Amino acid sequence: PKYLDESTDLGVLALLEGNAAGARQMFLEKEQPVLVLMADHDLGRTAEALESMDGLAASEGDKNPYAMAQGYAWMGQKAKAFEWLDRAFEDRSYGMQTVSHDPMLRSLRGDPRLALLLKKLGLPERQS
């Protein structure tokens with residue numbers, strides 16, 4: 001848990017298991033703003049989380065477009081998620097290789113735009 005990647009992974013696991021409060025605390029400690037906002041969304045702070053996400057996108061989104069896509073997808077904002085995935089594709093952002101199986105993007109599964117993106121990436125569609 002002392003290392004960024006491992007503690008972030010533990011926080012993501014907590015979020016996926018429905019422990020948004022525990023995940024939020026881990027994300028705060030590691031200064032992971034998009035993930036904090038995802039946890040806030042799950043804690044019922046939906047409007048505030050989305051407003052903060054929009055602010056973060058405007059000020060720092062280009063630093064990690066893939067993370068922005070994850071955040072918007074998690075919050076159910078599919079159009080914005082795909083906008084950021086397109087940016088991530090153009091930037092060749094880290095994480096794009098996981099698009100087909102990233103649990104943070106699960107709300108995008110079944111959307112024809114995801115199938116098109118996977119085709120552009122040369123990745124197979126996930127069979128679930």
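Predicted model: local features only at pLDDT ≥ 70, side-chain atom pairs only at ≥ 80, totals over all residues.

Biologist: What is the angle at which H3 and H4 pack, and how far apart are their axes?

Modeller: Helix H3 covers residues 33-42, and helix H4 covers residues 46-60. Their packing angle is about 160°, with the axes 8 Å apart. Angles over 145 degrees count as roughly antiparallel, so H3 is roughly antiparallel to H4. The crossing of the two is left-handed.

Biologist: Which residues make the contact between H3 and H4?

Modeller: H3 contributes Pro-33, Val-34, Leu-37, Asp-40 and His-41, while Thr-46, Ala-49, Ser-52, Met-53 and Leu-56 come from H4. By class, six of these residues are nonpolar, three polar and one charged.

Biologist: Is His-41 buried or exposed?

Modeller: A residue under 20% relative accessible area is called buried. His-41 has 17% relative accessibility and therefore counts as buried. Beyond its neighbours within four places in sequence, His-41 touches Thr-46, Ala-49, Trp-74 and Met-75.

Biologist: How are H6 and H7 oriented to each other?

Modeller: Angles under 35 degrees count as roughly parallel. Helix H6 (residues 78-91) packs with helix H7 (residues 112-121) at about 10°, their axes being 11 Å apart. H6 and H7 are therefore roughly parallel.

Biologist: Which residues of H6 and H7 meet?

Modeller: From H6, Lys-78, Ala-79, Phe-82, Leu-85, Asp-86 and Phe-89 meet Arg-113, Leu-114, Leu-117, Lys-120 and Leu-121 of H7. This contact has seven nonpolar and four charged residues, with no polar ones.

Definitions and conventions
Residues numbered from 1 in each chain as written. Heavy atoms only, no water. Axes fitted to C-alpha atoms, helices over the stretch in contact; angles between N-to-C directions. Helix = DSSP H or I, 4+ residues; strand = E, 2+ residues; numbered from the N terminus. Parallel < 35°, antiparallel > 145°, perpendicular 65-115°, else oblique. Contact = heavy atoms within 4.5 Å. Nonpolar A, V, L, I, M, F, W, Y, C, P; charged D, E, K, R; others polar. Buried < 20%, exposed > 50% of the residue type's maximum accessible area, 1.4 Å probe, protein only. Left-handed = near helix turned anticlockwise from the far one by under 90°.
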